[in-house]
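Please look over the model shown here.

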Amino acid sequence: MESWTQLFNHGKPFLAMILMQSSYAVMSIIAKYALNQGMSPHVLVAYRLAVAAIIITPFAIVLERKTRPKMTFNIFIKIMLISLLEPVLDHNFFYTGMKYTTATFTTAMCNILPALTFALACIVKLERVEIGKVRSQAKVAGTAVAVGGAMIMTLIKGPILELPWTKGRNHYLGQHGASGAHKQDMVMGALLLLAGCCCWACFVISQARILKSYPAKLSLTALICIMGTFEGTILAFAVEWRNPSVWHIGFDSKLIASLYGGLVTAFALYAMGSVMKRRGPVFVSAFNPLSMVIVAILGSFFLAEDMYLGRVLGSIVIVIGLYLVLWGKSKEQPQSTPDIMVVRADQQMVIINGHIENPDPELIPVARASQQTATIKGNIKNPDPKFITIE
């Protein structure tokens, strides 16, 4: 019984990521179907964010009531600005690009995100490129490969790949009715999706800075969803002001897309936060292509989407670029052990919790003893040598 419990605990991160990517895939299919039925992508974003805010906010109020830091005007303005990037602009670009393309194309293009984030981080000097090291070479090559794959998907169509369950009806439906109110325009759709990925990458970089001054992750997410709801609603009103009927939804695919989208947002928040804490961001990102495969299969079933050779090859190239970037990122992450704290000496000074103490040019690992604990903070002179070993 104990071995089965250990196996289950070991497999929980994998199960959580598979469920999360499956949820994203189903969301893409439902959203694409609702868009094909005439739902405005801007209204879909507004409704989805409202549902996500309603679900997440109570958890943030209860779970972080004692740890939530004080809100300042400066932090409020920063949160308002990043919520405009993601989810408002990012989601609007994403769903508008989906309306011009297909669910499979949209999901495949989103795999370019890690490479794009790396490129933007280099531009703003948050990422250092040491071209002489293999990990930097892998990240640069992966970025170039991912961009090349996106260009292949966009510009090269190729013949239709006939699947056993799509023969005789896929091509006709894919050309008549699968695209909904918009004719398929892969170049326009790709540009919109690229703009969405840029907004998301800028959000990731900005959020990392805001978390330093406002470390309550759940409260930050709730605030982003609440502000995003207001901003997304204003944007939707501005774009659709001549067509107020787009706000009407009944018991149909539009309602399902709005409700399910909010639920997926809440579930993904919990799953990603839990798994990233245990296994790191590279582990989470490594599962992204799974959603693309699921969407490709479901899209050919339920949306009668055409699958072209050029787009399949482009998707494979993007995935190769994705894993090159992730491999390079994994090599730069230090191996951490739960019971060891490393204090780095720099310029003949050891800084322990803000206090300068005992100059030493070496690295000083401070380990916990099994029966005794050394506490290092404030102004402690000459700590017990049993707890200090010099490498």
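The text moves from the whole chain to local detail.

**Basis.** This is a predicted model, in which local features need pLDDT of at least 70 and side-chain atom pairs count only at pLDDT 80 or more, while totals for chains, interfaces and linings use all residues. Residues are numbered from 1 along each chain as its sequence is written, and side-chain values use heavy atoms, with hydrogens and water left out.

**Overall make-up.** The protein has 13 helices and five strands. Helices (H or I, at least four residues) and strands (E, at least two) are DSSP runs, numbered from the N terminus. Of its 391 residues, 43% are buried. Buried means under 20% relative accessible area, exposed over 50%, and partly exposed in between (1.4 Å probe, protein chains only). Contact means heavy atoms within 4.5 Å. Among contacts between residues at least 6 apart in sequence, 83% join residues at least 24 apart.

**A helix pair.** Two packed helices are described by the angle between their axes and the distance between the axes. Helix α3 (residues 73–100) packs on helix α8 (residues 186–213) at about 160°, and the axes are 8 Å apart. Axes are lines fitted to C-alpha atoms, for helices over the stretch in contact, and angles run from 0 to 180 degrees between N-to-C directions. α3 and α8 are therefore roughly antiparallel. Angles under 35 degrees count as roughly parallel, over 145 as roughly antiparallel, 65 to 115 as roughly perpendicular and the rest as oblique. The residues of this contact comprise 19 nonpolar, six polar and three charged. Here Ala, Val, Leu, Ile, Met, Phe, Trp, Tyr, Cys and Pro count as nonpolar, Asp, Glu, Lys and Arg as charged, and the others, Gly among them, as polar.

**Aromatic pairs.** The structure holds eight aromatic pairs. Rings of Phe, Tyr and Trp (its six-membered ring) pair if their centres lie within 6.5 Å; planes under 30 degrees apart count as stacked, over 60 as edge-to-face and the rest as tilted. Two of the pairs are tabulated.

| Pair | Centre to centre | Angle between planes | Type |
|---|---|---|---|
| F14 and F287 | 6.2 Å | 70° | edge-to-face |
| F94 and Y95 | 5.1 Å | 80° | edge-to-face |

F14 sits in helix α1 (residues 2–36) and F287 in the loop between α11 (281–285) and α12 (288–302), so their pair ties together parts 273 residues apart in sequence. F14 is partly exposed at 32% relative accessibility. F287 is buried at 15%. F14, F283 and F287 form one aromatic cluster. F94 and Y95 are both buried.

**Two buried helix residues.** H42 lies in helix α2 (residues 41–63) and is buried at 15% relative accessibility. Beyond its neighbours within four places in sequence, H42 contacts N92, T96, A236, V239 and E240. T143 lies in helix α6 (residues 134–155) and is buried at 14%. Not counting residues up to four places away in sequence, T143 touches A115, F118, A119 and V325.

**Backbone points.** Most residues other than glycine have a negative phi, and most peptide bonds are trans. Which bond joins E86 and P87? A cis peptide bond does, with omega about 20°. P87 belongs to helix α3. A304 has a positive phi, near 55°, and is not glycine. A304 lies in the loop between α12 and α13 (309–332) and is buried, with a relative accessible area of 5%.
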